[in-house]
Amino acid sequence: MVEQATLCLQGIRKSYGVGSIAEAEVLHGIDLTINKGEFTALIGPSGSGKSTLLNLIGLLDRPTAGRLIIAGVEAASLDDAALTRLRASTVGFVFQHHNLLQAFTAQENVMLPLLAARGHADAGMQKRASELIAAVGLTAWSDHLTNELSGGQQQRVAIARALVMQPALVLADEPTGNLDTESANSVFRLMRQVNRDSATSFLIVTHDPRLARRCDRIIELVDGRIFSDRANQAQEEDMDGQIAMSDPAREKPTREQ
Ligand SMILES: Nc1ncnc2c1ncn2[C@@H]1O[C@H](COP(=O)(O)OP(=O)(O)OP(=O)(O)O)[C@@H](O)[C@H]1O
Ligand SMILES: [Mg+2]
(Lines give C-alpha, C1' and ligand atoms only; values in the text may rest on other atoms or scores of the structure.)
(Ligands and ions follow the chains in the order given, each with its own letter.)
Protein backbone atom coordinates (compact mmCIF):
# COMPACT_ATOMS: atom_id res chain seq x y z
CA MET A 1 0.00 0.00 0.00
CA VAL A 2 1.27 3.43 -0.87
CA GLU A 3 1.59 5.55 2.22
CA GLN A 4 -0.65 8.57 2.30
CA ALA A 5 1.13 11.83 1.45
CA THR A 6 1.37 14.42 4.21
CA LEU A 7 0.35 17.09 1.75
CA CYS A 8 -1.04 17.16 -1.76
CA LEU A 9 -1.71 20.32 -3.76
CA GLN A 10 -3.40 20.21 -7.14
CA GLY A 11 -3.78 23.28 -9.33
CA ILE A 12 -3.62 25.71 -6.43
CA ARG A 13 -4.25 29.32 -7.37
CA LYS A 14 -4.37 32.37 -5.13
CA SER A 15 -5.52 35.87 -5.97
CA TYR A 16 -5.54 38.83 -3.63
CA GLY A 17 -8.13 41.60 -3.82
CA VAL A 18 -10.70 39.40 -5.55
CA GLY A 19 -13.47 41.50 -7.05
CA SER A 20 -11.53 44.76 -6.71
CA ILE A 21 -9.62 46.62 -9.42
CA ALA A 22 -6.45 45.56 -7.60
CA GLU A 23 -7.22 41.85 -8.07
CA ALA A 24 -3.99 40.01 -8.79
CA GLU A 25 -3.22 36.32 -9.02
CA VAL A 26 0.05 35.52 -7.24
CA LEU A 27 0.01 31.69 -7.42
CA HIS A 28 -0.80 30.30 -10.84
CA GLY A 29 -1.50 26.60 -10.44
CA ILE A 30 0.75 24.81 -7.96
CA ASP A 31 0.97 21.01 -7.99
CA LEU A 32 2.99 19.61 -5.12
CA THR A 33 3.16 16.48 -2.99
CA ILE A 34 5.08 16.23 0.26
CA ASN A 35 5.53 12.78 1.74
CA LYS A 36 5.95 11.76 5.34
CA GLY A 37 9.36 12.67 6.70
CA GLU A 38 10.47 14.88 3.81
CA PHE A 39 12.76 17.76 4.71
CA THR A 40 12.24 20.34 2.00
CA ALA A 41 13.46 23.85 1.27
CA LEU A 42 11.23 26.36 -0.52
CA ILE A 43 13.31 29.03 -2.22
CA GLY A 44 12.67 31.80 -4.72
CA PRO A 45 12.95 35.56 -5.21
CA SER A 46 11.20 38.03 -2.98
CA GLY A 47 7.56 38.34 -4.04
CA SER A 48 7.50 34.95 -5.79
CA GLY A 49 4.72 33.73 -3.48
CA LYS A 50 6.55 31.61 -0.87
CA SER A 51 4.76 33.02 2.17
CA THR A 52 1.45 33.02 0.31
CA LEU A 53 1.92 29.33 -0.43
CA LEU A 54 2.94 28.59 3.16
CA ASN A 55 -0.16 30.39 4.47
CA LEU A 56 -2.37 28.24 2.23
CA ILE A 57 -0.63 25.02 3.23
CA GLY A 58 -0.86 26.08 6.87
CA LEU A 59 -4.62 26.59 6.47
CA LEU A 60 -4.30 30.24 7.49
CA ASP A 61 -5.86 31.29 4.19
CA ARG A 62 -7.89 29.58 1.48
CA PRO A 63 -6.87 29.15 -2.16
CA THR A 64 -8.89 30.82 -4.90
CA ALA A 65 -8.91 27.55 -6.83
CA GLY A 66 -7.44 24.06 -6.65
CA ARG A 67 -7.36 21.19 -4.19
CA LEU A 68 -5.42 21.05 -0.94
CA ILE A 69 -5.35 17.75 0.92
CA ILE A 70 -3.48 17.63 4.19
CA ALA A 71 -3.16 14.48 6.31
CA GLY A 72 -5.76 12.93 4.02
CA VAL A 73 -8.35 15.67 4.58
CA GLU A 74 -9.65 17.86 1.76
CA ALA A 75 -9.45 21.39 3.20
CA ALA A 76 -12.14 22.87 0.94
CA SER A 77 -14.73 20.59 2.52
CA LEU A 78 -14.25 22.13 5.96
CA ASP A 79 -15.87 25.18 7.53
CA ASP A 80 -13.67 27.66 9.38
CA ALA A 81 -14.03 25.98 12.78
CA ALA A 82 -13.10 22.56 11.39
CA LEU A 83 -10.21 24.11 9.46
CA THR A 84 -8.90 25.64 12.69
CA ARG A 85 -9.06 22.23 14.40
CA LEU A 86 -7.29 20.56 11.48
CA ARG A 87 -4.60 23.24 11.54
CA ALA A 88 -4.05 22.82 15.27
CA SER A 89 -3.69 19.06 15.04
CA THR A 90 -1.70 18.83 11.79
CA VAL A 91 0.54 21.85 11.28
CA GLY A 92 3.24 23.49 13.38
CA PHE A 93 4.54 26.96 12.49
CA VAL A 94 7.91 28.59 12.97
CA PHE A 95 8.14 32.17 11.73
CA GLN A 96 11.09 34.50 11.29
CA HIS A 97 9.67 36.66 14.04
CA HIS A 98 8.81 33.85 16.40
CA ASN A 99 5.57 35.36 17.73
CA LEU A 100 6.18 34.12 21.24
CA LEU A 101 4.17 35.78 23.98
CA GLN A 102 6.76 37.84 25.82
CA ALA A 103 4.81 38.00 29.09
CA PHE A 104 4.88 34.20 29.39
CA THR A 105 7.71 31.84 30.24
CA ALA A 106 9.32 29.53 27.70
CA GLN A 107 7.44 26.58 29.18
CA GLU A 108 4.10 28.42 29.09
CA ASN A 109 4.61 29.40 25.47
CA VAL A 110 5.20 25.75 24.55
CA MET A 111 2.06 24.72 26.45
CA LEU A 112 -0.21 27.29 24.80
CA PRO A 113 -1.30 25.23 21.76
CA LEU A 114 -2.25 22.35 24.08
CA LEU A 115 -4.14 24.73 26.31
CA ALA A 116 -5.98 26.21 23.34
CA ALA A 117 -6.91 22.74 22.08
CA ARG A 118 -8.10 21.33 25.41
CA GLY A 119 -9.36 24.43 27.20
CA HIS A 120 -7.69 23.68 30.53
CA ALA A 121 -4.24 22.91 31.91
CA ASP A 122 -3.31 19.48 33.22
CA ALA A 123 -0.20 17.75 34.50
CA GLY A 124 0.30 15.88 31.23
CA MET A 125 0.66 19.18 29.40
CA GLN A 126 3.34 20.39 31.82
CA LYS A 127 5.22 17.14 31.29
CA ARG A 128 4.97 17.30 27.50
CA ALA A 129 6.13 20.93 27.46
CA SER A 130 9.04 20.10 29.79
CA GLU A 131 10.11 17.23 27.56
CA LEU A 132 10.13 19.47 24.51
CA ILE A 133 11.95 22.25 26.34
CA ALA A 134 14.57 19.65 27.27
CA ALA A 135 14.72 18.37 23.68
CA VAL A 136 15.55 21.86 22.42
CA GLY A 137 18.19 22.24 25.14
CA LEU A 138 16.50 24.92 27.23
CA THR A 139 15.64 23.23 30.53
CA ALA A 140 17.62 25.83 32.46
CA TRP A 141 15.55 28.56 30.80
CA SER A 142 12.10 27.02 30.98
CA ASP A 143 10.84 29.38 33.70
CA HIS A 144 12.31 32.52 32.16
CA LEU A 145 10.16 35.03 30.32
CA THR A 146 10.88 34.70 26.63
CA ASN A 147 12.13 38.28 26.34
CA GLU A 148 15.03 37.24 28.58
CA LEU A 149 16.17 34.73 25.95
CA SER A 150 18.48 35.29 22.98
CA GLY A 151 17.09 35.23 19.44
CA GLY A 152 18.37 31.69 18.89
CA GLN A 153 16.93 30.49 22.19
CA GLN A 154 13.58 32.08 21.36
CA GLN A 155 13.58 30.31 18.02
CA ARG A 156 14.20 27.03 19.86
CA VAL A 157 11.17 27.74 22.02
CA ALA A 158 9.18 28.42 18.84
CA ILE A 159 10.26 25.04 17.47
CA ALA A 160 9.24 23.30 20.69
CA ARG A 161 5.89 25.07 20.51
CA ALA A 162 5.47 24.04 16.86
CA LEU A 163 6.00 20.40 17.86
CA VAL A 164 3.81 20.21 20.94
CA MET A 165 0.73 18.94 19.07
CA GLN A 166 2.86 16.35 17.23
CA PRO A 167 2.06 17.82 13.80
CA ALA A 168 2.60 15.84 10.61
CA LEU A 169 4.08 18.94 8.99
CA VAL A 170 6.14 21.86 10.27
CA LEU A 171 6.10 25.02 8.16
CA ALA A 172 8.96 27.39 8.75
CA ASP A 173 9.15 30.84 7.09
CA GLU A 174 12.73 32.13 7.28
CA PRO A 175 13.27 30.43 10.66
CA THR A 176 16.91 31.47 10.82
CA GLY A 177 16.53 34.80 9.02
CA ASN A 178 17.21 36.84 12.16
CA LEU A 179 19.96 34.72 13.61
CA ASP A 180 23.74 34.82 13.58
CA THR A 181 25.47 31.91 11.82
CA GLU A 182 26.08 29.88 14.97
CA SER A 183 22.49 30.17 16.21
CA ALA A 184 21.14 29.52 12.72
CA ASN A 185 23.25 26.39 12.59
CA SER A 186 22.01 25.06 15.87
CA VAL A 187 18.36 25.86 15.07
CA PHE A 188 18.70 24.14 11.73
CA ARG A 189 20.39 21.12 13.30
CA LEU A 190 17.54 20.89 15.79
CA MET A 191 14.91 20.85 13.04
CA ARG A 192 16.88 18.18 11.23
CA GLN A 193 17.11 16.07 14.36
CA VAL A 194 13.36 16.33 15.00
CA ASN A 195 12.76 15.38 11.38
CA ARG A 196 14.97 12.29 11.71
CA ASP A 197 13.68 11.24 15.12
CA SER A 198 9.96 11.62 14.50
CA ALA A 199 9.59 11.57 10.69
CA THR A 200 7.88 14.96 10.91
CA SER A 201 7.83 16.59 7.47
CA PHE A 202 9.35 20.06 7.19
CA LEU A 203 8.84 22.75 4.56
CA ILE A 204 11.31 25.55 5.15
CA VAL A 205 11.27 28.88 3.33
CA THR A 206 14.73 30.32 3.16
CA HIS A 207 16.76 32.90 1.30
CA ASP A 208 19.93 31.24 2.50
CA PRO A 209 21.35 28.92 -0.18
CA ARG A 210 23.59 27.23 2.39
CA LEU A 211 20.57 26.26 4.43
CA ALA A 212 18.66 25.09 1.36
CA ARG A 213 21.58 22.89 0.36
CA ARG A 214 21.22 21.04 3.65
CA CYS A 215 17.68 19.92 2.82
CA ASP A 216 16.71 16.69 1.03
CA ARG A 217 14.67 18.45 -1.59
CA ILE A 218 14.69 21.98 -2.97
CA ILE A 219 11.60 23.55 -4.53
CA GLU A 220 12.06 26.84 -6.33
CA LEU A 221 9.16 29.19 -6.83
CA VAL A 222 9.42 31.93 -9.46
CA ASP A 223 6.57 34.34 -10.24
CA GLY A 224 3.98 32.14 -8.55
CA ARG A 225 4.96 28.92 -10.33
CA ILE A 226 7.15 25.98 -9.40
CA PHE A 227 10.24 26.57 -11.50
CA SER A 228 12.18 23.56 -10.29
CA ASP A 229 11.73 20.74 -7.79
CA ARG A 230 14.73 18.54 -7.24
CA ALA A 231 16.22 16.03 -4.88
CA ASN A 232 19.38 17.30 -3.23
CA GLN A 233 21.66 14.31 -2.82
CA ALA A 234 24.89 16.05 -1.90
CA GLN A 235 24.24 17.77 1.38
CA GLU A 236 26.44 20.04 3.39
CA GLU A 237 26.91 19.23 7.03
CA ASP A 238 27.29 22.67 8.48
CA MET A 239 26.72 26.23 7.38
CA ASP A 240 29.92 27.43 8.96
CA GLY A 241 31.99 24.50 7.70
CA GLN A 242 33.54 23.95 4.34
CA ILE A 243 30.98 24.44 1.63
CA ALA A 244 30.47 21.13 -0.14
CA MET A 245 28.61 22.30 -3.19
CA SER A 246 26.07 19.85 -4.46
CA ASP A 247 26.99 18.44 -7.83
CA PRO A 248 24.56 19.84 -10.42
CA ALA A 249 25.01 16.71 -12.54
CA ARG A 250 23.46 14.68 -9.74
CA GLU A 251 20.51 16.95 -9.31
CA LYS A 252 17.66 15.59 -11.32
CA PRO A 253 14.96 18.15 -11.91
CA THR A 254 11.66 16.33 -11.55
CA ARG A 255 9.65 19.21 -12.84
CA GLU A 256 10.73 22.21 -14.88
CA GLN A 257 8.46 24.76 -16.46
N1 LIG B 1 -2.31 40.20 1.85
C2 LIG B 1 -1.92 40.55 0.61
N3 LIG B 1 -2.67 41.35 -0.17
C4 LIG B 1 -2.28 41.67 -1.43
N5 LIG B 1 -1.15 41.22 -2.00
C6 LIG B 1 -0.36 40.43 -1.28
C7 LIG B 1 -0.69 40.03 0.07
N8 LIG B 1 0.28 39.21 0.53
C9 LIG B 1 1.18 39.11 -0.45
N10 LIG B 1 0.80 39.84 -1.55
C11 LIG B 1 1.52 39.92 -2.83
O12 LIG B 1 1.70 38.59 -3.30
C13 LIG B 1 2.98 38.44 -3.90
C14 LIG B 1 3.72 37.30 -3.21
O15 LIG B 1 4.02 37.69 -1.88
P16 LIG B 1 4.67 36.71 -0.81
O17 LIG B 1 4.68 37.43 0.49
O18 LIG B 1 4.00 35.41 -0.86
O19 LIG B 1 6.14 36.58 -1.40
P20 LIG B 1 7.44 35.89 -0.78
O21 LIG B 1 7.97 34.96 -1.82
O22 LIG B 1 7.13 35.32 0.56
O23 LIG B 1 8.44 37.11 -0.64
P24 LIG B 1 9.60 37.39 0.49
O25 LIG B 1 10.76 36.52 0.10
O26 LIG B 1 9.91 38.84 0.29
O27 LIG B 1 9.05 37.07 1.84
C28 LIG B 1 3.67 39.79 -3.80
O29 LIG B 1 3.50 40.47 -5.00
C30 LIG B 1 2.92 40.46 -2.66
O31 LIG B 1 2.93 41.85 -2.85
MG1 LIG C 1 7.76 35.74 2.51
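I began in β9, where Ile-218 is the bridge partner of Ala-41. The model is predicted, so I note that local features need pLDDT of at least 70, that side-chain atom pairs count only at pLDDT 80 or more, and that totals for chains, interfaces and linings use all residues. Residues are numbered from 1 along each chain as its sequence is written, while chains are lettered from A and ligands numbered from 1 in the order in which they are written.

**Entry 1: strand β3**

I recorded that β3 and strand β9 (residues 217–222) run parallel and are joined by 4 bridges. Strand β8 (residues 201–205) also pairs with β3 in the parallel sense, over 4 bridges. Within β8, I found Val-205 as the bridge partner of Leu-42. For pairing I used the DSSP criterion of at least two bridges between two strands. Helices (H or I, at least four residues) and strands (E, at least two) are DSSP runs, numbered from the N terminus.

I then looked up the burial of β3 (residues 39–43) and found that 5 of its 5 residues are buried. A residue counts as buried if 20 or more other C-beta atoms, placed from the backbone, lie within 10 Å of its own, as exposed if 12 or fewer do, and as partly exposed in between. Phe-39, Ala-41 and Ile-43 point one way from β3, and Thr-40 and Leu-42 the other way.

**Entry 2: the nonpolar core**

I took a nonpolar core as a set of buried Ala, Val, Leu, Ile, Met, Phe, Trp, Tyr and Cys residues joined through C-beta atoms within 7 Å. The largest one has 63 residues, and Ala-41, Val-110, Ile-159, Ala-160 and Leu-171 touch the most other members. Helix α5 (residues 151–163) supplies the largest share of this core, 6 residues. I listed what Leu-171 touches beyond four places in sequence: Leu-54, Ile-57, Gly-58, Val-91, Phe-93 and Leu-203. Contact here requires C-beta atoms, placed from the backbone, within 7 Å.

**Entry 3: helix α6**

I checked the length of α6: its 18 residues should span 26 Å at 1.5 Å a residue, and the end C-alpha atoms are 26 Å apart, which agrees. The expected span is 1.5 Å times one less than the number of residues. The buried residues of α6 are Ala-184, Asn-185, Val-187, Phe-188, Met-191 and Val-194. Their cover includes α5, β8 and α7 (209–212). After α6 comes Ala-199, whose phi is positive, near 55°.

Why does Val-194 count as buried? I found 22 other C-beta atoms within 10 Å of Val-194, so this residue is buried. Leaving aside neighbours within four places in sequence, Val-194 is in contact with Leu-163 and Thr-200. I also noted that Val-194 and Gly-37 are 157 residues apart in sequence and 9.9 Å apart in space, C-alpha to C-alpha.

**Entry 4: the open sheet**

I traced an open sheet of 4 strands, in the order β2-β1-β4-β5, with antiparallel pairing. Its edge strands, β2 (24–34) and β5 (73–74), each pair on one side only. Strand β1 (residues 7–16) and β2 pair over 8 bridges, with Ile-12 opposite Ile-30 in β2.

**Entry 5: ligand 1**

I listed the residues around ligand 1, with C-beta atoms, placed from the backbone, within 6 Å; among them are Tyr-16, Val-26, Lys-50 and Thr-52. Helix α1 (residues 50–57) gives the most to this shell, with 3 residues.

Terms used
Contact = placed C-beta atoms within 7 Å.
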